[in-house]
Amino acid sequence: MTDQNLFHEPVLKKEILALLLLDDVQTVFDGTIGLGGHAEAILEQFPSVKKYIACDLDSEHLAFAEKRLSKWHQKVVFCHTNFSEIKKVIQSNDIPRPFVILLDLGLCSTHVDVPEKGFSFHADGPLKMSFDPQSERTCAHILNTASEKELVQILREYGEEPRAVKLAHQIVEVREEKPFQTTSGLREFIEEHTHPRDRKKTLMRVFQALRIAVNDELNVLEQTLRSATEVMMSGDRLGVISYHSLEDRMVKRFFVLHSRPKTEATDKSLHEEVAPASFRLMTKKPIVPSEAEIEHNPRSRSARLRILEKI
Ligand SMILES: C[S@@+](CC[C@H](N)C(=O)[O-])C[C@H]1O[C@@H](n2cnc3c(N)ncnc32)[C@H](O)[C@@H]1O
């Protein structure tokens, strides 16, 4: 793979710069550095940043971002790690405040455009779907080894697939004859076992479900939101851009819950306020891309940005 293959348009860049970043921000934890698009814009516009922590599971993305951000090499610390390790990363670095955390979840354009990464049903590649290309946990491994019950759960919970039971049964039947190995093999299987009218939606739901399972995305997100709020101090901000409703629902619930006063059941009331809220919800409604951004970058269409601030 060459650098020419690597391109990703940073989503909601203007909104991130205007709403998430504080004028005097000193440290940024960018859990999803990707190709460094947001990072470049932030470092350009906020010279107050002293330390930029850049994490990613994809070492090729990290290497590309390192070159792109070489101008700021004294400020940027690259970490080949899961963003769920935020606490460890924070503990091993001295973190000047105010501190901003950015999670731009989901796929980079390269995941879709580079067939060897094995995410896309539009091209033929190995059935991988892991954000970490070196990981042994692949989509093929899950499809070929998970029990029928586990497959039903994956398709139902992560893909909201109405035919989860039927498809899981057919996967188990088919893999006995011939294990799943490629993205086009999985695509052909779905097309053969789905009414033409439902093919596109089923392809999207099944590929999404398996990708979420391979990367354990929802558990990782939940754990990270918890850890992030535990390391935040007064004035620090957390911004999350999500791209599908399961992630966005989780972020929304978590942010709403944390921005409410703490209540307990007492003799007087079931929800007596016992402590004021320790976070402020900065986005009552999610920030979404403008029509102009969607026209320029159709892949931004499903993005939702939510921001939480520690009081
Ligand atoms: C949407 S892209 C980020 C794009 C980036 N903001 C930019 O402007 O170039 C998401 C990135 O997060 C990475 N990623 C996904 N899940 C991750 C996780 N749990 N921990 C660390 N990196 C992750 C992916 O490998 C990908 O590079």
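Predicted model: local features only at pLDDT ≥ 70, side-chain atom pairs only at ≥ 80, totals over all residues.

I begin with the surface. Glu148, Glu173, Glu176 and Glu177 together form a negative surface patch. Which helix gives the largest share of the negative patch? That helix is α8, residues 164-177, which supplies three residues. Glutamate 177 has its place in helix α8, and this residue is exposed, with a relative accessible area of 73%.

I turn next to pairs of opposite charge. Side chains of opposite charge can pair when their charged atoms come close. Across the whole structure, the search finds 17 salt bridges.

One of these joins the side chains of lysine 71 and glutamate 44, at 3.5 Å from N to O. The pair links distant parts of the chain: lysine 71 is in the loop between α3 (59-68) and β3 (76-80), while glutamate 44 is in helix α2 (residues 37-45), 27 residues apart. Lysine 71 counts as exposed, at 59% relative accessibility.

Another salt bridge is formed by aspartate 113 and arginine 299, whose closest N and O atoms are 2.9 Å apart. Aspartate 113 lies in helix α5 (residues 109-113) and arginine 299 in the loop between α13 (291-296) and β9 (304-310), so this pair ties together parts that are 186 residues apart in sequence. Aspartate 113 is partly exposed at 42% relative accessibility, and arginine 299 is partly exposed at 44%.

A further salt bridge brings together the side chains of arginine 237 and glutamate 309, at 2.9 Å from N to O. Because arginine 237 lies in strand β5 (residues 237-242) and glutamate 309 in strand β9, the pair ties together parts that are 72 residues apart in sequence. Are these two residues, arginine 237 and glutamate 309, buried or exposed? Both arginine 237 and glutamate 309 are buried. Finally on this topic, a network of salt bridges links Asp58, Glu60 and Lys117.

Now to the cysteines. How many disulfides does a search of the whole structure find? The search finds zero. Consider cysteine 55: the closest cysteine sulfur, in cysteine 79, is 4.5 Å from its own sulfur, which is too far for a bond, because a disulfide requires the two sulfur atoms to be within 2.5 Å. Cysteine 55 is buried, with a relative accessible area of 0%, and cysteine 79 also counts as buried, at 13%.

I close with the backbone. The peptide bond from arginine 97 to proline 98 is cis, with omega near -10°. Proline 98 is placed in the loop between α4 (86-91) and β4 (99-104).

Glutamate 160 has phi near 50°, a positive value in a residue other than glycine. This glutamate lies in the loop between α7 (148-159) and α8 and is partly exposed, with a relative accessible area of 42%. Aspartate 216 likewise has a positive phi, near 50°. Its place is in the loop between α10 (199-215) and α11 (217-231), and aspartate 216 is partly exposed at 32%.

Thank you for your attention.

How values were computed: Residues numbered from 1 in each chain as written. Heavy atoms only, no water. Patch = residues over 30% accessible without salt bridge, like charges linked within 9 Å, V, L, I, M, F, W, Y side chains within 5 Å. Areas by Shrake-Rupley, 256 points an atom, 1.4 Å probe, with all protein chains shown as cover. Salt bridge = Lys/Arg side-chain N within 4 Å of Asp/Glu carboxyl O. Lys, Arg positive; Asp, Glu negative; His and termini not counted. Charge placed at Lys NZ, Arg CZ, Asp CG, Glu CD. Helix = DSSP H or I, 4+ residues; strand = E, 2+ residues; numbered from the N terminus. Buried < 20%, exposed > 50% of the residue type's maximum accessible area, 1.4 Å probe, protein only.
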